[in-house]
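Thanks for coming, everyone. Please have a look at the chain on the screen, and then I will walk you through it.

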Amino acid sequence: MPPLPTRCPRWVRTPWTAAVAILGLAVSLLVAAPASGAGAGSAAGCRVDYTVNKWSGGYTAQVRVTNLGPALSTWRLTWTYGGDQRITSAWNATVTQTGRSVTAAGTDWNAALPSGAAADFGVQGTWQSADPAPTDFSLNGVSCGGDATEPPTTPPTTPGTPSPTQPPAECGSSVLCSDFENQAGPSPSGDWRFTAPDCQGTGTATVDTAVAHSGTKSLRVDGRAGYCNHAFVAATADLSTAGPVLYVRMWVRHTTALPSSHVTFVSMPDSSQGGRALRVGGQNGALQWNRESDDATLPAQSPAGVALSRPLPTGSWQCLRFAIDTSAPKLDTWLGDQQVPGLHADGVPTQDIDQQWLSRTTPPRPTALRLGWESYGAGDDTLWFDDVAVGSSPIGC
C-alpha cells in the first residue's frame, strides 16, 4: 500500500443549514389471497413496506415489495396516490406515473422475484397540498392490501440485493474480530495502534474499562474540534484479503450529536485512491460517506439528500454496518437492521443520493480500518467502539 500523504489538505464546504422537517411514516400491507398460475403474470400474495421521509413540498419513499406467491420472472408493482404527489426520480426500478396512478417495474438486474424474495427501490417527488401514503398496492395485478404488519428488518447481503435471512452476529471467519478484551493496559496495543493520519493535535484514544457494549472493555476516543486534531486507532489486520464484498460491523456510542460541519469517525485507507481514505462520518447532522481523493459525499449534501440519511443517536450503543463492493462502485449502509436509503450506492446515478459519488467509477479497495475522530471545523465528541468485525460474509448485529 502506498504511504499515507503527509500533507494536511483542507476540505472546505458550506454546510446546508436550512431547517427541514422530516417526518417518518411507515406503511406495511400483507395479503395471502391465492391466485392461479405462476410466472410473470400472476402472484399468490405480496407484502409492501412503504417508508416515506417528507418535508414541505417534497418527499422520498423507500419501497420493499415481498413476493409471497410463486416465483415471478418479471414484476410490476402499482399503486394510486391519494394526494397530489408527483414522482420526479426513482432508483432500482423503472417508475412511471399517469395522473395519480404509479407503476414500478423491475430493472434488468432485479426483474426476477423468487418466491419469498423481496425487491427494494425508491422514489423522490413533490407535493403541494397533501401527501398521504398509498394503500392500494398490487403486484402483477394481485392486491397486496390486507392486514398491517411491521416493516421487515432483514438487510441486504450485498449492495442493493436483499437477503431472506438475518446474517449471524458472530464473527465466523472474519479477517478482523475484536471486542478489545485482550487489551492489557490503558493504551491501545497489540492488534490496535494509535495513529494520527496527516497531523496530530489534542485528541486521545484509550482502552476504557467503565463503558462497554459487551464484556468489560471498549475503545474510547476523545475527539477534539479543529483541523489537525486527528486521533485514530488502527487495526493491524490487512483487509485486502476480504471480498469481493467487504462487510464491516461495529458498535459505536457517542455523546454529542453530529454537527453541521464535516467530521469523520471511521477511516479506511483505499488503495484505489492511492492510499487516501474512504471515510464514514457526518455532516449537516446526519451520517455520510466521504471520499478523500475528490471530497465526494454520499448522500449529496442537499436538503433532499440529507433527509435520506439518518442521525447517529447519542447516549446509547448503535450497531453500524456497511458493505463495500470491491468489484464495482457500490456500497450499502445499515443503522441497526434498517438500511439507510441515502447511504446506498447501486451503480446507477440518482440525483440527491449517489450522482456525485458515482462520478468516480473505480471500485474501492479498503486495506485497513481506523476508528477515531477527525473534525474539519467545529465538533468535539467522545466516542466508544466495541465488537468490531470485518469479513467477506454478512455480519449481523
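The chain has 1 helix and 26 strands. Helices (H or I, at least four residues) and strands (E, at least two) are DSSP runs, numbered from the N terminus. This is a predicted model, where local features need pLDDT of at least 70, side-chain atom pairs count only at pLDDT 80 or more, and totals for chains, interfaces and linings use all residues. Residues are numbered from 1 along each chain as its sequence is written, and side-chain values use heavy atoms, with hydrogens and water left out.

Now the whole chain. Of its 397 residues, 54% are buried. Buried means under 20% relative accessible area, exposed over 50%, and partly exposed in between (1.4 Å probe, protein chains only). The chain exposes about 15,100 Å². Carbon and sulfur atoms supply 53% of that area. These areas come from the Shrake-Rupley method with a 1.4 Å probe; for residues, only the protein chains shown count as cover.

Next, contacts, meaning heavy atoms within 4.5 Å.

On to the cores. A nonpolar core is a set of buried Ala, Val, Leu, Ile, Met, Phe, Trp, Tyr and Cys residues joined through side-chain atoms within 4.5 Å. The largest one here has 47 residues. Which of its residues touch the most other members? They are F265, W289, F322 and L369. L369 touches, among others, L176, W192, V233 and M268, leaving aside residues up to four places away in sequence. There is also a second, separate core of 26 residues, and W75, L77, I87 and F121 are among its members.

Let us move to strand 23, residues 331-335. Is it buried or exposed? 5 of its 5 residues are buried, so strand 23 is largely enclosed by the rest of the structure. L331, T333 and L335 point one way from the strand. D332 and W334 point the other way.

Who are its partners? Two strands pair if DSSP finds at least two bridges between them. Strand 22, residues 318-325, pairs with strand 23 in the antiparallel sense over 5 bridges. W334 is the bridge partner of R321 there.

Strands of a sheet pair through backbone hydrogen bonds, either parallel or antiparallel.

Now some backbone details. Most residues other than glycine have a negative phi, and most peptide bonds are trans. Look at F180, which is not a glycine but has a positive phi of about 65°. F180 lies in the loop between strand 12 (176-178) and strand 13 (192-195). At 1% relative accessibility, F180 is buried. N284 also has a positive phi, near 55°. Its loop runs between strand 19 (277-283) and strand 20 (286-291). N284 is buried, with a relative accessible area of 12%.

Then come two cis peptide bonds. One joins G243 and P244, with omega about 10°. P244 lies in the loop between strand 16 (231-235) and strand 17 (245-254). Another cis bond joins L298 and P299, with omega about 5°. P299 is in the loop between strand 21 (297-298) and helix 1 (303-307).

Last stop: N67, in strand 3 (residues 58-67). N67 counts as buried at 0% relative accessibility. Its side chain reaches the backbone nitrogen of G69 at 3.0 Å.

Notes: Polar contact = N/O pair within 3.5 Å; in protein donor to acceptor, adjacent residues only side chain to side chain.
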